[in-house]
Amino acid sequence: MRGGSVLVKMSWVILFVVATLAVIGPWIVPYDPTVGDLGAALTGPGRAHWLGTDYLGRDTLSRLIDGARVSTIAGLQATAIAVVLGGGIGMAIGLLGGWVDRIVMRIVEGISAIPAIVLAIALIAALGSGLSRSMLAVGIAFAMGIARLARGLTLAERERLYVDGARVIGAGRFRLLRRHISPNIAAPMGVEATLVFAHAVTIEAALSFLGLGTQPPAASWGVMLSSAQRAIREAPFQAIPPGLALVLTVLALNIVGDALVRRRRGTALDNPTGYLEPVGMQAAPSHHADTDSVAAAGSEPDPASAPLLDARGVTVRYGDTVAVDRADVTVGHGEVVALVGESGSGKTSVAMAFADLLTPPASANADQVRLGGGEPLELVGADRKTRAAWRSRVGVVFQEPSAALNPLQTVGRQLRDVIVAQRRLATSRDTESDTPSARRPVTEEISSLLTSVGLRRPDEVARLRPGQISGGMAQRVMIAMALAKSPILLIADEPTTALDVTVQSEIIKLLRRLCHEREFGVLLVTHDLGVASELADRVVVMLRGNVVESGPIGTVIAHPSHAYTTALVSAVPRNEPGRAILESPQGQEVVA
Ligand SMILES: Nc1ncnc2c1ncn2[C@@H]1O[C@H](COP(=O)(O)OP(=O)(O)OP(=O)(O)O)[C@@H](O)[C@H]1O
């Protein structure tokens with residue numbers, strides 16, 4: 001057994017003993033801890049008083065046991081105040097971002113610069129002394145540290161793909177916080193709370209020693225130390241029991257807190273990137289002499305012949321960096337369009353713009369981004385309602401299925417959320433919701449969706465958490481979640497990259513089958529021309545933020561018109577000299 005774990009176990013035992021004494025103390029104390037016998041003052045340890053008496057003749061053992069209760073209550077009070085206040089502030093500013101975050105953080109940092117005990121003494125001067133008031137002061141002092149931690153964790157958690165996934169289905173800020181962010185930051189916050197508890201117990205003792213905390217005759221370890229100090233020459237032993245109890249308890253709390261921190265190391269504790277609401281799509285500030293784009297923006301296309309997604313002049317910037325420069329992308333009804341290009345070419349930026357998921361520092365503008373397949377929607381300059389409607393028609397499958405699912409919720413629970421949100425949206429829009437799937441009980445709908453993505457024993461799968469399923473299963477679940485919205489456009493961002501080769505081909509077959517059966521359009525983001533050739537009807541090739549070539553996949557592979565496309569095609573591995581292994585969707589081999 002390692003020394004570390006022995007210490008941790010001993011610490012847990014100490015904390016258990018203190019907690020037990022705090023609960024059962026009033027029933028087991030041999031004497032009333034507040035009543036003294038002056039005739040027996042300052043007696044040493046003996047049969048009648050195992051740990052002796054203080055200068056007023058009060059039994060030290062009884063006061064020590066009662067002190068455990070006071071210290072525990074003090075620690076709990078201060079910790080609860082710090083966690084509720086600090087956690088609330090931190091999560092709120094982490095979620096809101098912007099100027100609220102900047103202003104509140106400056107205040108929090110300013111207060112954090114004052115040592116907790118000094119702040120507590122200042123607050124006690126204003127609020128008055130006493131255990132509860134001093135612990136309120138201590139709780140407020142520690143709330144600042146908790147607020148900073150909660151903010152950092154919230155910012156990190158908001159960057160997770162499963163939060164993006166929840167936002168895609170229309171989860172608002174409060175729901176994101178309650179259902180997704182707070183459960184996932186609870187563990188590190190809990191660890192921090194143990195350390196706050198340890199500090200609070202120490203500060204309570206210090207304040208009581210100074211006469212600002214627990215008031216005599218009530219016992220607390222700080223008050224006991226203060227009493228012992230009065231007779232330190234006559235009975236020096238009196239300082240040992242409360243001092244030892246305090247040191248052991250605080251040490252145990254710190255060791256347990258550290259052990260919990262070590263167990264959690266490796267989780268995203270520090271990712272303080274800025275995060276705000278999706279930026280939406282603005283109108284392009286000035287139109288280039290691009291007659292196609294201008295014409296497309298101005299005209300009202302015939303819905304029957306218009307593409308499902310018709311995007312013109314899409315520009316995405318990150319600060320001053322232009323990631324996508326006036327890209328044109330169209331996806332037809334039931335068509336699979338692959339966006340291909342090397343890493344950093346801007347594929348994901350375009351896809352996230354169409355999913356309405358770009359967040360600061362990104363900004364996006366376009367001449368037009370129009371979605372048909374029903375009443376046409378325009379994303380450029382859209383209001384919140386239109387953007388919500390847009391998102392309800394667009395399903396998104398992310399690259400890392402395991403990261404895109406909430407690790408703490410079962411598969412069924414996450415699917416249920418999407419189904420319920422979708423039904424609510426359909427009802428609020430008063431749209432056609434009387435479809436067979438809309439009438440079906442949610443559990444049946446979950447089973448049907450899981451079955452449709454090829455998962456056997458769907459009821460069992462629904463009860464599993466993401467950590468209990470393979471990457472391939474997780475990607476099927478992600479696709480089922482996207483299907484739950486009955487999307488007309490599916491955006492699949494590198495859906496097979498994180499999977500092994502056999503699973504990749506199963507997912508490609510699944511997407512192809514679903515696309516045929518359900519007739520939605522697919523925008524497939526991939527750096528792999530091989531994947532594109534297996535799945536796509538058309539390909540759009542991107543290079544450094546520009547669309548350099550587009551057309552039917554077979555034509556582009558067989559007769560690339562841009563040198564970069566030629567290089568991409570020749571980079572795909574061949575299985576025979578002189579023959580490419582690329583296959584057109586119709587199954588013909590294409591010689592590159
Ligand atoms: N959040 C961000 N902040 C700043 N720059 C970004 C951000 N996201 C992307 N970029 C930049 O935008 C450009 C395009 O990135 P994008 O992720 O869209 O490319 P990609 O073709 O999808 O690449 P990959 O396949 O590696 O994801 C890159 O130069 C990238 O560094």
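1. Ligand shell. In this predicted model, helix H11 gives the most to the shell around the ligand, with three residues. Strand E3 (321-331) and H11 each supply at least two residues of that shell. The ligand is surrounded by 13 residues, of which the closest are Tyr 318, Ala 323, Ser 343, Thr 348 and Ser 349. By class, the shell divides into nine polar residues, three nonpolar and one charged.

2. Strand E3, one of the contributors to the ligand shell, pairs with strand E2 (residues 309-318) in antiparallel fashion through seven bridges. Val 316 has Val 324 in E3 as its bridge partner. E2 and E3 form a hairpin with two residues between them. Gly 319 in the turn has a positive phi of about 65°.

3. The six-stranded sheet. Which order do the strands take in the open sheet of six? The order is E8-E9-E10-E4-E11-E12, and the pairing is mixed. Strand E8 (394-397) and strand E12 (546-552) each have a single partner strand, so one side of each is left without a neighbour in the sheet. On average, neighbouring strands of this sheet are turned by 15° against each other, direction ignored.

4. The E4-E10 pair. Strand E4 (residues 336-340) and strand E10 (residues 521-526) run parallel and are joined by five bridges. One of the paired positions is Val 340, whose bridge partner in E10 is Thr 526.

5. Helices on the sheet. Helix H11 (residues 347-354), which also contributes to the ligand shell, packs on the sheet and touches E4, E8, strand E9 (489-493), E10 and strand E11 (538-543). The direction of H11 makes about 150° with that of E10. Helix H18 (residues 471-483) also packs on the sheet, touching E8 and E9. For H18, the direction makes about 170° with that of E8.

6. The unreviewed UniProt entry places the feature "transmembrane region" at residues 12-29, 78-100 and 107-128. In the model, residues 12-29 are 94% helix and 0% strand, with the end C-alpha atoms 23 Å apart. Residues 78-100 are 96% helix and 0% strand, and their end C-alpha atoms lie 26 Å apart.

7. Confidence. The protein chain averages a pLDDT of 83, and 88% of the residues score at least 70. Where does the model fall under 50? One such stretch is residues 288-298, for which the model has 16 contacts beyond four places in sequence. Over residues 576-592 the pLDDT is also below 50, and this stretch has 36 contacts in the model beyond near neighbours in sequence. Where pLDDT is low, the predicted coordinates should not be read in detail. The scores for the model are ipTM 0.96 and pTM 0.60.

Definitions and conventions: Residues are numbered from 1 along each chain as its sequence is written. This is a predicted model: local features need pLDDT of at least 70, side-chain atom pairs count only at pLDDT 80 or more; totals for chains, interfaces and linings use all residues. Two strands pair if DSSP finds at least two bridges between them. Helices (H or I, at least four residues) and strands (E, at least two) are DSSP runs, numbered from the N terminus. Axes are lines fitted to C-alpha atoms, for helices over the stretch in contact, and angles run from 0 to 180 degrees between N-to-C directions. Two residues are in contact if their C-beta atoms, placed from the backbone, lie within 7 Å. A residue is near a molecule or strand if its C-beta atom, placed from the backbone, lies within 6 Å of it. Ala, Val, Leu, Ile, Met, Phe, Trp, Tyr, Cys and Pro count as nonpolar, Asp, Glu, Lys and Arg as charged, and the others, Gly among them, as polar. UniProt positions are given in the numbering used here, feature names are shortened, and annotations may be inferred rather than shown by experiment. pLDDT is the predictor's confidence in each residue, from 0 to 100.
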